[in-house]
Amino acid sequence: MKISGKVALITGGAGGLGKAFAAALLRAKAKAVCLVDISSRGKEVAEDLRLQYPPSQVDFYHCDVMNYDLFKGAFDFVQKRFGAIDIVCNNAGMAASDHNVSGSIRTLRLNLEAVYFGTKLGMDYMDKESGRGGVIINVASMAAFLPLMGSMCYNASKAGVVALTKSAGVPEQYEMTGVRVNALCPSFTETPLLDTSSGLREMIAQLPNHPIMSPEYVAEGFQQLVENEELCGAVMRVTPQKGIEIVPNRRKDRNSSSKL
Ligand SMILES: NC(=O)C1=CN([C@@H]2O[C@H](COP(=O)(O)OP(=O)(O)OC[C@H]3O[C@@H](n4cnc5c(N)ncnc54)[C@H](O)[C@@H]3O)[C@@H](O)[C@H]2O)C=CC1
Ligand SMILES: CC/C=C\CC(=O)/C=C/C=C\C=C\C=C\[C@@H](O)[C@@H](O)C/C=C\CCC(=O)O
């Protein structure tokens, strides 16, 4: 998809990766980006981006994406204001350690349930019937494949996002909807999330050859998932060791008559 002139909705847009994704779209001349976040910090982030990237429009919509009706309100707002939605990024996320039961349940709800809401809403608003097609990027993590110790629900939520995305992005579905759905799986990235779990930075520092990536580098992968029309149901890993790579899709190696 050519980004120029397009309209995007990014959840968790007040945070590290969400802001970097918004900036990447704005540099590529998106018409408008709406940052959807529970933190009122999003207002200043939107203001900052608006000043940096005229004449693109940048809005902030305050919303808890774990509430389906409130989240739908964000889609209605963007649709009404700009006439269409082309790009949805389900990025809002959190991490809690295993001993924190309520935090772990909230992690599953925000990182997986709300990504389901955003994927369903993205399809409802962008499919060929109500919209003009589009692309959904769901932010998972390398933790989907290489679990972080002490973060069962975080790891499970991210593995769930990968499975959910592959399901939503099967080619047969894309033919009907015109909406591509892809997953982005970064390794450790320099954002405020790394300061929410005690001892996490120390643990990362002890890993051999494990530099923390910049949000701007991860945003390069994000931009490829938006732009490359070949990618649907794709899972992209972004790591300092291997760079930006697409996880091979086994379906392609199978007999073409198989639906599995
Ligand atoms: N930083 C890292 O090392 C990695 C992060 N990720 C994923 O990237 C995504 C973005 O995280 P970061 O930018 O790193 O963290 P962050 O903490 O900077 O950003 C998360 C954003 O989500 C927002 N948010 C939290 N609860 C919300 C809710 N109920 N409704 C709406 N917004 C809500 C926060 O206010 C915040 O702005 C997350 O899904 C995270 O799991 C994946 C791999 C590595
Ligand atoms: C608690 C939340 C904290 C951080 C956010 C997050 O999502 C962290 C990611 C966790 C795991 C990252 C693992 C990263 C591994 C890579 O850097 C490489 O070591 C892996 C490279 C290739 C993989 C080879 C393979 O498949 O085995």
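**Conventions.** I worked from a predicted model, in which local features need pLDDT of at least 70, side-chain atom pairs count only at pLDDT 80 or more, and totals for chains, interfaces and linings use all residues. Residues are numbered from 1 along each chain as its sequence is written, chains are lettered from A and ligands numbered from 1 in the order in which they are written, and side-chain values use heavy atoms, without hydrogens and water.

**Ligand 1.** I looked up the shell of ligand 1 and found 29 residues around it, with Asp37, Asn91, Tyr154, Thr189 and Thr191 coming nearest; a residue is near if one of its heavy atoms lies within 4 Å. I then listed polar contacts (pairs of N or O atoms within 3.5 Å). A polar side-chain atom of Asp37 lies 2.6 Å from an oxygen atom of ligand 1. Ligand 1 exposes 820 Å² when taken alone, and the protein buries 93% of that (Shrake-Rupley method, 1.4 Å probe). I noted α1 (16-27) and α5 (152-168) as the elements that give two or more residues to this shell; helices are DSSP runs of H or I with at least four residues, numbered from the N terminus. By class, I recorded 15 nonpolar, 10 polar and four charged residues around ligand 1. Here Ala, Val, Leu, Ile, Met, Phe, Trp, Tyr, Cys and Pro count as nonpolar, Asp, Glu, Lys and Arg as charged, and the others, Gly among them, as polar.

**Ligand 2.** I found 18 residues surrounding ligand 2, the closest being Ser141, Tyr154, Ser187, His210 and Gln241. Oxygen atoms of ligand 2 take part in the contacts that I noted: a side-chain N or O atom lies 3.1 Å away in Ser187 and 3.3 Å away in His210, and a polar side-chain atom of Arg237 lies 3.1 Å away. On its own, ligand 2 has 710 Å² of accessible area, of which the protein covers 81%. Its shell has 11 nonpolar, five polar and two charged residues.

**Helix pair.** I looked up how α1 packs on helix α8 (residues 215-227) and found an angle of about 55°, with the axes 9 Å apart. Axes are lines fitted to C-alpha atoms over the stretch in contact, and angles run from 0 to 180 degrees between N-to-C directions.

Conventions:
A polar contact is a pair of N or O atoms within 3.5 Å; within protein, one must be able to donate a hydrogen and the other to accept it, and residues adjacent in sequence count only if both atoms are side-chain atoms.
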